[in-house]
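Biologist: Could we go through the helix packing and a few individual residues together? Please put the model up first.

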Amino acid sequence: MENKLLIFDCFGVLCQEISPKWFRMHFSDEEAKILKPKFFNGADRGDIDIYELVDRISNYTKIPSSKILEEWKMIFNKNDELLNYIRKLKGKYHICLLSNVVKGFVNFLFEDPNYLSNIFDKTFNSWEHHTRKPEKEFYKICIDSYKDYNFDKIYFIDDNEKNLVGLEEFKITPHLYTSNEELFEFFRNEGIKIDE
């Protein structure tokens with residue numbers, strides 16, 4: 001196994017972003033930018049689960065909880081090309097998931113509760129650790145779990161620039177995800193290859 005750690009974000013990378021798109025469906029861009037963190041930041045830290053979150057959003061928006069969940073499912077779209085690529089990386093590199101996510105959200109969307117844990121060596125969900133990106137504590141928890149490894153290089157792939165700032169203290173090389181094609185080219189240039 002090559003001595004590199006590849007850390008992936010979930011929403012916006014492995015699958016479609018749900019909450020920003022949903023809020024933009026119902027509110028102006030300006031309102032959506034305010035409402036998304038208003039409801040999700042605490043939930044990402046594990047303060048409440050997906051169903052309490054949906055009830056709170058429903059009470060605020062007057063949109064029925066069942067309709068919100070139905071629309072979230074409609075928006076959800078897995079990035080199968082990238083997920084299949086990561087499956088081919090497994091065993092050749094150390095790979096893990098570091099995601100801001102509400103308790104129950106992954107199970108609701110993916111249905112198989114083990115879907116992501118079967119792909120990644122380790123998964124770090126914000127709600128389980130009561131912290132979230134870009135708080136440094138969340139990255140530290142992930143990196144500390146590999147303290148017995150002396151990685152040649154650590155990469156973190158995220159679609160949000162604010163989650164990629166100041167990671168030098170963890171010896172993480174940040175990379176902004178924009179497309180599969182661009183990411184695959186970046187990996188090739190870094191010498192990260194899948195076995196065909």
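Biologist: How do the axes of H5 and H10 cross, and within what distance do they come?
Modeller: In this predicted model, the H5 and H10 axes cross at roughly 25° and come within 10 Å. Axes here are lines fitted to C-alpha atoms, for helices over the stretch in contact, and angles run from 0 to 180 degrees between N-to-C directions. Helices (H or I, at least four residues) and strands (E, at least two) are DSSP runs, numbered from the N terminus.

Biologist: Which residues make that contact?
Modeller: Glu81, Leu82 and Tyr85 of H5 meet Asn180, Leu183, Phe184 and Phe187 of H10, where contact means heavy atoms within 4.5 Å. The two helices are therefore roughly parallel; angles under 35 degrees count as roughly parallel, over 145 as roughly antiparallel, 65 to 115 as roughly perpendicular and the rest as oblique.

Biologist: Is the crossing left-handed or right-handed?
Modeller: H5 and H10 cross in a left-handed manner. The term means that the near helix is turned anticlockwise from the far one by less than a right angle, and right-handed applies if it is clockwise.

Biologist: What conventions apply to the numbering and the confidence?
Modeller: Residues are numbered from 1 along each chain as its sequence is written, and side-chain values use heavy atoms, with hydrogens and water left out. As the model is predicted, local features need pLDDT of at least 70 and side-chain atom pairs count only at pLDDT 80 or more, while totals for chains, interfaces and linings use all residues.

Biologist: Which residues of H5 are buried?
Modeller: In H5 (residues 80-89), Leu82, Leu83, Tyr85, Ile86 and Leu89 are buried, that is, under 20% relative accessible area, with exposed over 50% and partly exposed in between (1.4 Å probe, protein chains only). These residues cover an arc of only 160° around the axis, which puts them on the same side of H5; the arc is that of the directions from the helix axis to the C-beta atoms.

Biologist: And what covers them?
Modeller: The cover includes E1, E2, helix H7 (115-119) and helix H10 (180-189).

Biologist: What follows H5?
Modeller: Glycine 91 follows H5, and its phi is positive, near 95°.

Biologist: Turning to H9, which residues are buried there?
Modeller: Phe138, Tyr139, Cys142 and Ile143 are buried in H9 (residues 136-144). Viewed down the axis of H9, they fall within an arc of 130°, so they line one face of the helix. Among the elements covering them are strand E3 (122-125), helix H8 (126-129) and strand E4 (153-158).

Biologist: Where is aspartate 158 found, and is the residue buried or exposed?
Modeller: Aspartate 158 is in strand E4 and counts as buried, at 0% relative accessibility. Its side chain forms a polar contact of 3.4 Å with that of asparagine 163. A polar contact is a pair of N or O atoms within 3.5 Å; within protein, one must be able to donate a hydrogen and the other to accept it, and residues adjacent in sequence count only if both atoms are side-chain atoms.

Biologist: At what angle do H1 and H2 pack?
Modeller: Helix H1 (residues 19-26) and helix H2 (residues 29-44) pack at about 135°, with their axes 9 Å apart. That angle makes H1 oblique to H2, and H1 passes H2 in a right-handed crossing.

Biologist: Finally, what does glutamate 71 touch?
Modeller: Not counting residues up to four places away in sequence, glutamate 71 touches Trp22, Met25 and His26. Glutamate 71 lies in helix H4 and is buried, with a relative accessible area of 8%.
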